[in-house]
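Colleague: Please put the model on screen, and then we can go through the metal site and the overall fold.

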Amino acid sequence: MILDIKTYPDKVLTKKTKPVGEVDAAIKKLIDDMVETLYAKRGAGLAANQVGESKRIAVIDIGEGLVVFINPKISKKKGSAIMAEGCLSFPGLEIEIARPEKIEVEYTDRRGQIQKRKASDLLARVICHEADHLKGKTMLDRLPLLTRLKLKRQLRKK
Ligand code: NI
């Protein structure tokens with residue numbers, strides 16, 4: 001089922017999500033729906049709160065295969081790179097954001113197994129973007145204060 005995407009300033013996007021306990025049938029169904037939604041909307045990543053579910057789950061595919069992250073935690077960060085970034089919750093908006101170049105992330109997979117993996121460049125960027133969503137942070141929170149305030153004002157007017 002393709003789910004509706006919540007767009008900024010929907011409150012669910014700025015609230016910290018709840019960690020997932022057991023990966024049960026309901027969680028798996030939510031993951032399947034998120035994956036379907038990710039591909040239907042041609043996104044690179046999608047966090048559960050973007051579809052209104054305040055749970056710590058993100059699905060990512062940057063064109064190299066699907067990865068499901070449950071309770072992701074970025075344990076290492078290295079370097080910094082600036083690149084234009086978009087988000088399904090901010091249709092039409094692209095902003096340059098600094099992110100780590102390399103990361104290490106610990107998470108639970110769809111089978112409930114604990115995993116750890118390294119990522120760099122675009123994948124690292126998208127994982128950081130989704131991990132931010134799950135903390136109730138959007139791309140706006142990564143901008144310098146004045147740019148952020150100006151952009152927030154513009155977005156509220158729309
Ligand atoms: Ni996003």
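**Metal site and fold**

Modeller: Both Cys 87 and His 133 are buried, that is, under 20% relative accessible area with a 1.4 Å probe and protein chains only. This is a predicted model, where local features need pLDDT of at least 70, side-chain atom pairs count only at pLDDT 80 or more, and totals for chains, interfaces and linings use all residues. Residues are numbered from 1 along each chain as its sequence is written, and side-chain values use heavy atoms, with hydrogens and water left out.

Colleague: Which residues are the protein donors of the nickel ion?

Modeller: Donors are N, O and S atoms within 2.8 Å of the metal (3.2 Å for Na, K and Ca), and water is not among the atoms, so sites may look incomplete. The donor atoms lie 2.1 to 2.2 Å from the nickel ion. They belong to Cys 87 (SG), His 129 (NE2) and His 133 (NE2).

Colleague: Where in the chain are Cys 87 and His 133?

Modeller: The donor spacing in sequence is C-x41-H-x3-H. Cys 87 and His 133 link distant parts of the chain, 46 residues apart. Helices (H or I, at least four residues) and strands (E, at least two) are DSSP runs, numbered from the N terminus. Cys 87 is in the loop between β4 (81-85) and β5 (95-99), and His 133 is in helix α2 (residues 121-134).

Colleague: In what order do the elements of the protein run from the N terminus?

Modeller: The protein has 3 helices and 7 strands. From the N terminus on, their order is α-β-β-β-β-β-β-β-α-α.

Technical notes:
Buried means under 20% relative accessible area, exposed over 50%, partly exposed in between (1.4 Å probe, protein chains only).
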